[in-house]
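Please keep the view open as you read, and turn to each place as it comes up.

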Amino acid sequence: KTKKKKEAPPRRNITRKKTDSSTTGHYDSRNKKHGGAGKGKWVGGGNKHSDHLTLLEDELPLDENDPLYVAEEDADPSSYVLSSHETADELRISGAGPSAYDADNDKAVYGPMLTCAEFKIRVSDAVREYFDSSDADEVVRCIDEMKCREYHPEVVKRAISLGLDAGPRERELISRLLACLHPNPLSDDCLELGFEVLLDSMDDLVIDIPDAKAMVGSFLARAVVDEVVAPAFLSNRNNSHPGDCVVEKAVQLLSREHCTARLEKVWGPGDGRPVSELKSAMDQLLKEYLLSRELDEAASCVRELKAKHFHHELVKRGVKIAMEEDGRDHASKSSSLDAMAALFKFLVQNSIVSEFQVAKGVQRLEKILPDLKLDVPAAPSMLDEFETLAREQGFLHIPSRKA
């Protein structure tokens with residue numbers, strides 16, 4: 001048998017493109033497409049009258065009639081001014097001094113040190129840290145150090161937007177922060193412009209936060225009470241944008257009787273205010289629950305208190321109010337105690353109130369039973385009934401008083 005040799009694939013005759021037939025064939029990159037005649041050059045091309053004149057970029061003459069021309073600085077080719085904002089050249093021409101100094105490049109900086117996006121990120125970080133520390137002076141120092149006066153209106157929008165996503169405590173902190181930022185570093189014009197930018201973006205905020213208009217109206221009314229924004233801002237905004245429901249909400253809040261005292265507490269307790277106010281808020285929500293028996297609404301109010309460490313007081317006051325509602329003489333059917341047991345079961349199941357806080361509240365009730373018997377003679381038996389209900393429903397795990 002004869003073996004056939006495998007035929008090798010035909011070799012392709014590849015020849016590099018030569019720039020000049022008279023050369024040895026080495027590839028010359030000088031005629032590569034770099035804008036016609038090479039990198040960094042302008043050539044007349046096919047223009048008959050250009051006569052193939054070449055002008056290098058480095059040889060462009062300086063025009064003394066250029067409004068940006070400065071004789072002292074442009075005399076030195078290596079001199080330049082760092083800038084990050086459109087108004088930087090205007091500041092330079094007007095004779096304003098530099099806003100900062102770039103040590104790395106040994107040059108003065110006209111205009112803001114950061115871009116708008118970088119400024120927003122740093123402001124957001126500073127506000128989130130402020131929520132934890134409650135140190136408004138640190139936020140003021142942070143804004144001063146960024147040297148971005150042109151972006152100061154964004155502070156108002158950014159701070160309030162973060163407050164809308166948080167709870168009443170954080171919103172109260174934002175209102176106090178705006179008062180601390182005025183008039184330095186945020187001037188009257190910056191604050192008014194910031195609120196205008198915020199009001200113009202309400203359509204986007206409402207998509208994520210349905211109650212945004214009502215809350216921004218409260219922020220605006222509180223700013224007027226704190227003398228951060230002039231009352232004339234509301235009338236001017238109402239004239240330029242008639243029918244703005246946010247402005248109408250602010251005007252409505254400012255038109256109420258004792259509006260100053262009410263707006264100072266517009267975000268309710270739970271914001272680091274005195275314990276007495278927190279107790280009165282608990283009494284109010286517990287009494288409203290006994291009237292409506294709406295578990296979700298009561299749970300929402302408890303959540304807004306932002307006082308997890310104080311939930312034992314809620315348990316204590318809740319059982320006490322239920323005893324008083326059922327009357328001085330203990331009846332066989334205590335509807336208020338049943339409703340209160342159902343509420344605390346719901347709160348424990350949804351991880352709003354811990355079992356430890358429930359147990360602590362019951363133990364505090366046991367200590368004040370002698371005083372409680374003066375108002376409610378059947379208090380000991382009613383407390384035993386509540387503890388039995390709590391154990392049966394699984395949110396109380398302490399031994400009985402009689403054991």
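1. A word on names before we start: helices, as DSSP runs of H or I with at least four residues, are numbered from the N terminus. With that in hand, you can find Pro185, which sits in the loop between α6 and α7. Please also bear in mind that this is a predicted model.

2. Let us begin with confidence. The protein has a mean pLDDT of 79, with 71% of its residues at 70 or more. Residues 45-58 stay under 50 in pLDDT, and the model gives them 18 contacts beyond four places in sequence. Another such stretch is residues 77-87, where the pLDDT is below 50 and the model has 27 contacts beyond near neighbours in sequence.

3. Which residue does a cis peptide bond join to Pro185? The partner is Asn184, and omega of this bond is about 15°. Pro183 is also found in the loop between α6 (168-181) and α7 (188-200). A cis peptide bond joins Pro183 to His182, with omega at about 5°. As background, most peptide bonds are trans.

4. Glu227 is worth a look for its backbone. This residue is not a glycine, yet its phi is positive, near 60°. You will find Glu227 in the loop between α9 and α10 (232-240). For context, most residues other than glycine have a negative phi.

5. Next come the aromatic rings. The structure holds four aromatic pairs. One of them is formed by Phe219 and Trp267. Their ring centres are 4.7 Å apart and their planes stand at 50°, so this pair is tilted. Phe219 belongs to helix α9 (residues 212-225), while Trp267 is in the loop between α12 (259-263) and α13 (275-292), so the pair ties together parts 48 residues apart in sequence.

6. Finally, how do α17 and α19 lie relative to one another, roughly parallel or roughly antiparallel? The axes of helix α17 (residues 355-367) and helix α19 (residues 379-393) come within 11 Å and cross at roughly 165°. That angle makes α17 roughly antiparallel to α19, because angles over 145 degrees count as such. The crossing of the two helices is left-handed.

7. Which residues meet where α17 and α19 come together? From α17 there are Val362, Leu365 and Glu366, and from α19 there are Leu383, Phe386 and Glu387. The residues of this contact divide into four nonpolar, two charged and no polar.

Definitions and conventions:
Residues are numbered from 1 along each chain as its sequence is written. This is a predicted model: local features need pLDDT of at least 70, side-chain atom pairs count only at pLDDT 80 or more; totals for chains, interfaces and linings use all residues. Side-chain values use heavy atoms; hydrogens and water are left out. Axes are lines fitted to C-alpha atoms, for helices over the stretch in contact, and angles run from 0 to 180 degrees between N-to-C directions. Angles under 35 degrees count as roughly parallel, over 145 as roughly antiparallel, 65 to 115 as roughly perpendicular and the rest as oblique. A crossing is left-handed if the near helix is turned anticlockwise from the far one by less than a right angle, and right-handed if clockwise. Contact means heavy atoms within 4.5 Å. Ala, Val, Leu, Ile, Met, Phe, Trp, Tyr, Cys and Pro count as nonpolar, Asp, Glu, Lys and Arg as charged, and the others, Gly among them, as polar. pLDDT is the predictor's confidence in each residue, from 0 to 100. Rings of Phe, Tyr and Trp (its six-membered ring) pair if their centres lie within 6.5 Å; planes under 30 degrees apart count as stacked, over 60 as edge-to-face and the rest as tilted.
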